[in-house]
Amino acid sequence: MPAGPAPAPALAPEAAAPARRLRFVRPAKSGADDHSPWRSLKYRSMRWWSVANFVSNAGTWMQLTVQNLLVLQITGSAAATGLSMSVQAAPGLLMSVAGGAAVDRWPRKVTAAVSQGFLGAVAFVTAVLVATDQLNLAVLMALAAVTGLIATVDGPACALLGNDLVRTEDVPSAIGVGSLVHNAGRLAGAALAGITVGFLGTAAAYAANGLSFLFVASVIPFLRPVHKFVRGAKTAPKTPRTPLGKKDTRDIGGTDHDNDMTVRQGVLYFMRRPRLVALAGITGLSAVFGRNYGLTLAVLVTGPLAGGAGAFGTVSTVLAVGGIVGAVLGARLRKPSVRLVGTLAAAGALLQVVAGFSPSLAVLLVLVLPMAVVESISDTAGTTVLQTDPPAHMRGRVLGVWGTIKTSWGLAGPPALGLLMELAGARGALVSGGLIIAGAIAAGYVLRRRRTATTVMLRTEPAVVTGQLQPSLSTAA
């Protein structure tokens with residue numbers, strides 16, 4: 001008998017059920033694709049370090065706020081207040097490179113903990129002198145100089161220690177989070193200064209800052225860096241041995257590690273690294289002609305725009321908000337480059353040019369926000385390049401050289417910009433300064449393109465290969 005029709009296959013439960021709407025489930029991001037600005041906080045040590053930095057920044061800004069008032073009480077002179085700030089910054093101009101070399105030579109966690117302890121000791125000594133009414137201007141200046149000297153070691157040590165707590169691709173996030181912590185600590189410190197002085201007195205503010213340093217020093221021993229070795233030159237791989245059994249003390253560059261640990265080698269490395277020199281040039285131009293908004297915008301608002309102190313306060317608030325937004329966006333970066341820093345600096349400079357022509361305060365506020373955002377992202381990108389581009393055993397000295405350059409800009413920038421405003425006015429200073437920055441960056445980019453351009457040549461004569469005629473191509477380097 002012929003076979004009947006085959007029975008229909010039974011439907012699977014899923015097929016028999018009514019059609020369901022498919023839902024797309026986004027796969028979890030891998031570490032290589034994670035661009036969250038908060039990704040550095042997935043490291044437990046980084047979370048503790050952020051808390052410690054917030055406490056330390058709050059104490060530092062509390063002391064700075066009180067210190068200016070204290071100098072005014074002792075001397076009654078605003079010039080003396082400015083002089084105390086210059087005295088504290090002066091060691092950064094003269095000793096930053098030596099401080100960076102010390103960071104490269106000594107164990108990083110120990111260096112950071114000891115420097116924090118010394119800063120705490122200075123704060124406690126100042127508190128005792130204030131409480132006993134034994135503090136005069138000469139002693140205060142000496143303590144400010146000692147604080148600045150210790151900071152030449154503490155600054156690079158703490159910055160590099162924070163980066164050691166995360167992987168290299170997460171360093172921009174760590175720097176962005178650090179910027180947010182810094183701003184939050186600044187606001188908290190300024191608010192606590194008034195409360196502390198009002199209820200407990202000036203000495204209590206210095207004592208509170210001393211306790212904040214001791215808190216950081218107590219947290220450091222419990223931090224766990226991602227990399228196994230975190231002590232200057234020890235971060236380099238173990239020295240290989242030659243076939244004869246003798247140690248090969250040459251590093252990748254062919255230099256002896258002992259000689260490579262000198263201050264001179266750090267300076268030479270910085271000067272021979274085009275990326276770092278270009279970064280220094282871009283940041284220097286921006287610092288002198290484009291970043292002193294507290295000066296240029298104050299004159300613009302109170303002068304041509306006929307605003308008052310309240311109007312400039314609004315501008316300052318918008319700048320602060322833009323800085324926070326830029327820090328969050330900058331923390332999303334993974335591998336920033338000097339080219340990105342230059343592009344952002346040029347964009348900020350062009351926004352500054354447009355701001356110079358602002359007809360009203362409302363227009364200026366619209367432009368100020370992106371200016372601050374671009375500046376903050378550029379800062380995060382530049383700091384990341386600065387702290388990750390050099391080899392591990394050179395980073396302290398590179399930051400030391402950078403500290404010297406940055407201090408030079410800080411001392412020379414305001415007078416130069418003030419002279420420019422005297423000659424061209426507030427609008428002219430903003431416009432000409434922005435054009436100088438953008439023009440210099442564009443010129444540098446063109447020169448670099450010309451230097452790195454290669455020529456491709458075609459050979460038209462035939463070449464004999466295995467008895468056949470074949471054309472060949474060659475490139476001339």
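Buried residues, meaning those under 20% relative accessible area with a 1.4 Å probe and protein chains only, make up 40% of the 477 residues in this chain. Do keep in mind that this is a predicted model, where local features need pLDDT of at least 70, side-chain atom pairs count only at pLDDT 80 or more, and totals for chains, interfaces and linings use all residues. Residues are numbered from 1 along each chain as its sequence is written, and side-chain values use heavy atoms, with hydrogens and water left out.

On to the helices. The chain has 14 helices and 4 strands, taken as DSSP runs (H or I, at least four residues, for helices; E, at least two, for strands), numbered from the N terminus.

Let's look at one pair, α4 (residues 108-131) and α5 (residues 137-164). How do they cross? Their axes, lines fitted to C-alpha atoms over the stretch in contact, come within 8 Å and cross at roughly 150°. The two are therefore roughly antiparallel, a word we use for angles over 145 degrees between N-to-C directions, on a scale from 0 to 180. Contact here means heavy atoms within 4.5 Å, and the residues making it include Phe118 and Leu119 of α4 and Ile150 and Val153 of α5.

At 68% relative accessibility, Asp133 is exposed, that is, over 50%. Ala306 has a positive phi too, near 55°, and sits in the loop between α10 (293-302) and α11 (309-330). Ala306 also counts as exposed, at 66%.

Definitions and conventions:
Parallel < 35°, antiparallel > 145°, perpendicular 65-115°, else oblique.
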